[in-house]
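Subject: Structure handover

Hello,

Here is the structure you asked about. Please open it alongside this note, and my findings follow below.

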Amino acid sequence: MASTKVSDHVLRRLRDWGVEHVFAYAGDGINGLLAAWGRADNEPKFVQARHEEMAAFQAVGYAKFSGRVGVCAATSGPGAIHLLNGLYDAKLDHVPVVALVGQTDRSAMGGSYQQEVDLASLFKDVASDFCQTATVPEQLPNLIDRAVRTAYARRTVTAVILPADVQELDYSPPTHAFKMVPSSLGTGRYAPVPCDEDLRRAAEVLNAGEKVAVLIGQGARGARAEVESLADVLGAGVAKALLGKDVLPDDLPYVTGSVGLLGTRPSYELMRDCDTLLMIGSSFPYTQFLPELDQARAVQIDIDPHMIGLRYPNEVNLVGDARETLRRLLPRLRRKEDRTWRERVEDNVARWWEVMQRRAAVDADPVNPEYVVHALDGRLPHDAIVTADSGSAANWYARHLRLRADMRGSLSGTLATMGPGVPYAIGAKFAHPGRPAIALVGDGAMQMNGMMEMVTAAKYHREWSDPRLVVAVLNNRDLNQVTWEMRAMTGAPQFEESQHLPDLPYADIARSFGLGGVRVEKPEHVEAAWDEALAADRPFVIDFRTDPAVPPIPPHASLDQIEAAATAVLKGDSDRGSVLRQGIKAKVQEVLPGGRHRGDRPGAGPHDGAGEDE
């Protein structure tokens, strides 16, 4: 009988933890693991990405949409380095991901050997909660167990470094002896709750308020029913941080949508006019989009005491699980009989969706990107999973899509990195092979890495019970978000050498992979393209030829920001004619009857990137 190698035991322990997929790319630093996969009949399943960064993003997408730990693997040296951006995305969005990383043989370590990188130092920050190197078999299974358990418990990234020669050693477990560390499976279920005194103080603040605003993030995902009950009792409006977009349905009349630079007008108005703020499961970092610091009494609920109290001068900080904390808080709250504030919030929400419909209908050359996403809104399957890449696509995802019922959605929130839109969707398909996935990406992200990940979709889509993975490319031949940030933040004209992109035939390329694809260059073809893609029997790429001059103007844009954009145009922006035309047409939709009203205060300036925290 063949002996069990360390590599065999690593895969066995992952199976014991319920890991079903490892997103990875091969290399000689993990040859031992690859051989073990062969002996294990590919369990857990090795999912081959086109690049290690994409493997990490797929693990993040898998973890975000499954609620389970995502696992990725890479070879030593360059492979390990490639993982980093995806791992930082997981760390900053508080997603549990374990990285298995190869290393050169122990005998070569410290000898400036080929592909030798000090991986402990390299991963010291991104996997700061747990990063260890296996040097003898007896360290296992403890290293795997602690990596998985820590990733779950702290919602973070962990890493296990496996030298190539250690992978090939015969496995021997830790013994009942000095300096041996045995281990066990499982994390145990727990839900921390605040003390009664803190709950009493929080209820006192919320009961005293007349105009209550609630801000929820991804940490409130398990507390949908409790948040709805609380909003009803308090007559509150509910805004959502971008990573919490799918926590509460957007078709509830008091849900104001996303908050912040990519947010909606009613969310801005909610924060501007409230006298009480309750934040649940969010570390939304942009204080300028919260109430003025002396305006509102505030309460925050967060499970992590390290992250609570960071964004606003709260009166009460409740450390605990969102659902269990709200269940204990709700009986202490008094129903507000005056519903004037709630009615005002609902009126603002209704007016906003009218504005969005009008903005989507604005003519553009050739296609308005807002219309592209607005046309998808009513076509979203009830169980759709939607991802968005960073860039202007994130604006339209945040503002035009109403996630309803059991729909899910996410993007790179805190890191706001380019590139995760397509690999997130692929990770989602492995988490939920029976649900359709839709990715909204810009042409910059599609050229950076998304197009090649369609090869991954082509490789695996026959394994998915629902093969639909629709990638919508907003093809404007411009790195559009940065272009607009240059105009609005610095008053600088577009720098063509950095901003212009080649126009690739994305749909044709997809068809060459055996996938579906269509190019759309006229607005009258937008809806038919969505219908064709959503009815396809394979992954599908829609190449929407969109107008780069449609501005992602914040709903609260100040006159200074508009003037800065206009100044850039007048200084010689190559697209100045259409920029001015589209900017005026888009902004006028907010001053039509039912649009902008007097009393608006100017908003704060935009920030780099296109994502926002949870």
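Strand 10 (residues 276–280) pairs with strand 11 (residues 297–302) in the parallel sense, over 5 bridges. In strand 11, Arg297 is the residue opposite Thr276. Please keep in mind that this is a predicted model.

Both strands belong to an open sheet of 6 strands, ordered 9-8-7-10-11-12, with parallel pairing. Strand 9 (255–258) and strand 12 (316–319) are the edge strands, and each pairs on one side only. From one strand to the next, the twist averages 15°. Helix 11 (residues 322–329) lies across strand 10, strand 11 and strand 12. Its direction is at about 130° to strand 11.

Next, strand 18 (residues 540–545). Is it covered or open? Mostly covered: 6 of its 6 residues are buried. In a regular strand, side chains alternate between the two faces of the sheet. Here, Phe540, Ile542 and Phe544 point one way. Val541, Asp543 and Arg545 point the other way. Note that Asp543 and Arg545 are buried too.

Which strands pair with strand 18? One is strand 16 (residues 469–475), in the parallel sense over 6 bridges. Val471 stands opposite Val541 there. Another is strand 17 (residues 516–520), also parallel, over 5 bridges. In that pair, Val520 is opposite Phe544. From strand 17 the chain crosses through helix 20 (residues 526–534) to strand 18, and this β-α-β crossover is right-handed.

Now the packing. In soluble globular proteins, nonpolar side chains tend to be buried together. The largest nonpolar core in this model has 62 residues. Which of them touch the most other members? Trp530 and Phe544 do. Helix 12 (residues 340–360) supplies the largest share of this core, 7 residues. Another core, of 53 residues, lies apart from it; among its members are Phe123, Met454, Ala458 and Leu469.

Trp530 deserves a look on your screen. Leaving out residues up to four places away in sequence, Trp530 touches Val372, Ala375, Leu376, Arg379, Ile438, Leu440, Val470, Ala472, Ile542 and Phe544. Two of these, Ile542 and Phe544, point the same way from strand 18.

Last, the backbone. Most residues other than glycine have a negative phi, and most peptide bonds are trans. These are the exceptions I would look up:

- Glu43 to Pro44: this peptide bond is cis, with omega near 0°. Pro44 sits in the loop between helix 2 (31–39) and strand 2 (45–48).
- Leu140 to Pro141: a cis peptide bond again, with omega about 10°. Pro141 is in the loop between strand 5 (131–133) and helix 6 (142–154).
- Asn42: phi is near 60°, a positive value in a residue other than glycine. Asn42 lies in the loop between helix 2 and strand 2.
- Ala405: phi is positive, about 50°, although this residue is not a glycine. Ala405 is in the loop between helix 14 (392–400) and strand 14 (408–410).

Best wishes

How values were computed: Residues are numbered from 1 along each chain as its sequence is written. This is a predicted model: local features need pLDDT of at least 70, side-chain atom pairs count only at pLDDT 80 or more; totals for chains, interfaces and linings use all residues. Side-chain values use heavy atoms; hydrogens and water are left out. Buried means under 20% relative accessible area, exposed over 50%, partly exposed in between (1.4 Å probe, protein chains only). Helices (H or I, at least four residues) and strands (E, at least two) are DSSP runs, numbered from the N terminus. Two strands pair if DSSP finds at least two bridges between them. A crossover is right-handed if, with the strands pointing away from the viewer, the path from the first strand over the helix to the second runs clockwise. A nonpolar core is a set of buried Ala, Val, Leu, Ile, Met, Phe, Trp, Tyr and Cys residues joined through side-chain atoms within 4.5 Å. Contact means heavy atoms within 4.5 Å. Axes are lines fitted to C-alpha atoms, for helices over the stretch in contact, and angles run from 0 to 180 degrees between N-to-C directions.
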